[in-house]
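Hello,

Here is the structure I promised to pass on. Please open it first, then read my notes below.

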Amino acid sequence: MAEQLPNAPFPAPPPFYSHFTKPNIARLRQLRREAGVPVAPIDATADATSKEDIDIFALPVELRHLIPPEPQADGKYTVFGNAIDPDAAERSLAERDVEQLYPSDGSVRLNPQPHLIGLTRSMLTTFLALAGILSQNPELYEEKVKDIHTIAMNIHELINQYRPHQARETLIMMLEERVDKMKKESQDIDQAKAKVVKLLQDIQDMQRTHAPKHDERNMRDGMVQVASVTKRKARQRAAWATLRQEVM
């Protein structure tokens, strides 16, 4: 396993991160095929816990880090020199040897805002005192720096008291957004319904408006046809009368 890096405010990434390239993954996949080791179809490094994996010491140096180590037996792991236990409960200020600067009653959990304001003012006052000490006797800085650290830890602990409130407010906001979305969808449906009803009403009004004109036009056409038939019959009768006169 690679050597852990020392603690730093902004630690650099592990130096072997540059080995995780597509060509290296393809090479590892090919070497596994040649060694008869089953290769996962998606991730070439997914078979990390298999006991039949390829010998890591037989690989080139740039490919060794592509095979992750086996999980720790106790479940703990180390990140930048710090031991991390994912199953461990959050430690209190007393467990971290930090002095608690606010009362322990339940009212603090319900309303930590006044204590946060007081601690913030104490932080500013302590910082001004530290600036004065650094200007006169810089060797005495340690006590004020420790005080600032203690105040910051207490502020962080009080801010964490807002976690349940934050979760509740986030859930309320999500539900309100869902309700607003459903209301908007209902309004859109109502507007579409109103448009359809208006369109149907306009069609009915147009039919009522044009129906008399249509009937009148049909009546005129019928009268014209009757007049035409009457004239034709009159001509036919006149023709028959003329024939009878000539025969007689």
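Keep in mind that this is a predicted model. I start with helix 1, which covers residues 22-34 and has 13 residues. From its first C-alpha to its last, helix 1 reaches 18 Å. That is close to the 18 Å expected at 1.5 Å a residue.

Which residues of helix 1 are buried? They are Asn24, Leu28, Arg29 and Arg32. Seen down the axis of helix 1, these buried residues fall within an arc of 140°, so they line one face of the helix. Helix 2 (61-64) is part of what covers the buried residues of helix 1. The face turned away from the buried side carries Lys22, Pro23 and Glu34, which are exposed. After helix 1 comes Gly36, with a positive phi near 75°.

Next, a loop. Asp97 sits between strand 2 (82-84) and helix 3 (106-110). Its phi is also worth a look: the value is positive, near 60°, in a residue other than glycine. Is Asp97 buried or exposed? Its relative accessibility is 72%, so Asp97 counts as exposed, the cut-off being over 50%.

Last, the surface. Val196, Leu199, Leu200 and Ile203 form a nonpolar patch there. Together they have about 350 Å² of accessible area. One of them, Leu199, is found in helix 6 (residues 163-247).

Best wishes

Notes. Residues numbered from 1 in each chain as written. Predicted model: local features only at pLDDT ≥ 70, side-chain atom pairs only at ≥ 80, totals over all residues. Heavy atoms only, no water. Helix = DSSP H or I, 4+ residues; strand = E, 2+ residues; numbered from the N terminus. Expected span 1.5 Å × (residues − 1). Buried < 20%, exposed > 50% of the residue type's maximum accessible area, 1.4 Å probe, protein only. Arc of directions from axis to C-beta. Contact = heavy atoms within 4.5 Å. Patch = residues over 30% accessible without salt bridge, like charges linked within 9 Å, V, L, I, M, F, W, Y side chains within 5 Å. Areas by Shrake-Rupley, 256 points an atom, 1.4 Å probe, with all protein chains shown as cover. Salt bridge = Lys/Arg side-chain N within 4 Å of Asp/Glu carboxyl O.
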